[in-house]
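Student: I'd like a close look at one part of this model, the sheet. Please take me through it step by step.

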Amino acid sequence: MEEPKRTALVGMDTAELIKFAGRIGAPAFRGKQLSEWIYRQGADGYDNMTNLPAEFRAKLEESCDLHPLTLVQRQDSVDGVTKLLLNTHDEQGIEAVLLDCEDRISSCISSQVGCAMKCEFCATGLGGYTRNLTVGEIVDQILQLQIATGKRADHVGFMGMGEPMHNLDAVLESLRIFNEELGIGYRRMHVSTVGIVPRIRELADAGLPIHLAISLHSPTDSVRTAIMPVNKKWPVREVIDAARYFVSKTGRKITFEYLMIDGINDTVEQAHRLGTLIKGMTALVTLIPFNWVDTARGFKKPSSDRIRRFRAELERMGVTVSQRKERGQGIDAACGQLRGKHVGRPIPVNARILNVV
Ligand code: SAH
């Protein structure tokens with residue numbers, strides 16, 4: 001990756017900001033003030049930092065950027081979803097979403113530019129992989145959402161672009177900053193993965209009470225491999241073992257995300273096998289009807305009747321099931337779609353948000 005030409009302050013914690021202030025010849029309390037402005041006040045420029053002397057602000061201006069990301073485009077849906085397209089210093093577009101619900105303000109952020117996992121149904125996967133995001137670029141997504149909307153997320157979900165387990169160090173550091181600098185509880189943080197087995201175990205060993213979601217999408221290797229190439233490396237059985245390990249280490253419930261594609265993984269037989277596979281686990285299954293993406297394989301979402309039958313079979317087997325609400329109408333809010341539009345790929349106007357916790 002091309003290194004940023006200048007450092008950015010967002011992504012440094014208070015201790016690092018204090019050190020940074022020292023490096024440019026200012027006393028420690030200036031570092032604390034910077035932290036206040038960045039993480040508590042959500043300042044979008046040095047000019048807003050009214051209690052800092054003009055000289056110090058000029059020095060900051062000269063030596064480093066405040067935010068590593070810049071806003072390119074904003075979309076708002078009628079039902080309370082805001083989606084931002086943000087640019088990195090090397091002109092990579094990434095997406096972040098804020099969803100204002102009755103009881104929470106959720107967010108959906110990206111961990112990579114693109115994704116290497118090549119899931120057959122995913123707009124991001126179809127676009128290929130460019131690079132990992134830095135800690136600053138991850139943290140800044142939450143701050144940019146706040147600056148754009150005046151609302152601060154109280155739930156954070158790594159369900160935007162990228163595979164968080166392939167950028168785990170930066171993701172873990174960002175979780176720490178969300179917790180320590182933004183005051184978001186670990187229990188309100190969600191990490192979603194395709195199921196990178198050794199990384200799930202590493203995350204379990206980190207012992208954070210975060211919420212882990214695994215994109216299972218089928219209980220059988222043949223079906224799963226056909227839509228998620230990662231299954232060749234980490235088959236269903238190993239993913240489930242790692243999930244059990246995570247539950248035993250953290251005491252947290254696991255979510256299995258289940259994307260439903262018509263005629264592919266939505267049969268009652270698949271539901272039955274899923275129920276058998278996860279029997280006795282502290283788990284929740286979230287059904288996500290396929291959000292239209294031009295996959296070349298002509299995937300579509302199942303009828304509501306098929307979804308209902310799938311769900312009924314799971315419930316009959318004692319599995320707790322929820323269904324992801326479709327929100328963000330008209331704003332291209334599903335995974336990878338805003339960026340797709342920006343780089344010239346057509347997207348449907350009735351796209352809906354799916355990937356927000
Ligand atoms: N790489 C991680 C996180 C990003 S994707 C993961 O795969 O879990 C977040 C969720 O959106 C995943 O469950 C993913 O399978 C799902 N998703 C991707 N494309 C989708 C589509 N077209 N419709 C519905 N859900 C989709």
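Student: How many bridges join strand E9 (residues 155–158) to E10?

Tutor: Three bridges join E9 to E10, and the two strands run parallel. Phe158 stands opposite Val191 of E10. Strands here are DSSP runs of at least two residues, numbered from the N terminus. Two strands pair if DSSP finds at least two bridges between them.

A word on the source. This is a predicted model, in which local features need pLDDT of at least 70, side-chain atom pairs count only at pLDDT 80 or more, and totals for chains, interfaces and linings use all residues. Residues are numbered from 1 along each chain as its sequence is written, and side-chain values use heavy atoms, with hydrogens and water left out.

Now the whole sheet. It is open, with ten strands in the order E3-E4-E5-E6-E9-E10-E11-E12-E13-E14 and mixed pairing. Strands E3 (70–76) and E14 (320–323) stand at the edges with a single partner strand each, so one side of each has no neighbour in the sheet. From one strand to the next, the twist averages 20 degrees. Axes for such angles are lines fitted to C-alpha atoms, and angles run from 0 to 180 degrees between N-to-C directions.

Move to E4 (residues 81–87). E3 and E4 run antiparallel, joined by six bridges. Arg74 has Leu84 in E4 as its bridge partner. Four residues lie between the strands of this hairpin, and Gly80 takes a positive phi near 85 degrees. On to E5 (residues 93–100): seven bridges pair E4 with E5, again in the antiparallel sense. Lys83 stands opposite Val97 in E5. The hairpin of E4 and E5 has five residues between the strands, and Glu91 in the turn has a positive phi of about 65 degrees.

How covered is E4? Seven of its seven residues are buried (under 20% relative accessible area, 1.4 Å probe, protein chains only). In a regular strand the side chains alternate between the two faces of the sheet. Val81, Lys83, Leu85 and Asn87 point one way from E4, whereas Thr82, Leu84 and Leu86 point the other way.

Back to E10, where the ligand comes in. A polar side-chain atom of Ser192 lies 2.6 Å from an oxygen atom of the ligand, a polar contact (a pair of N or O atoms within 3.5 Å). Strand E10 (189–193) and strand E12 (254–260) are the elements that give two or more residues to the shell around the ligand; a residue is near it if one of its heavy atoms lies within 4 Å.

Technical notes: Polar contact = N/O pair within 3.5 Å; in protein donor to acceptor, adjacent residues only side chain to side chain. Buried < 20%, exposed > 50% of the residue type's maximum accessible area, 1.4 Å probe, protein only.
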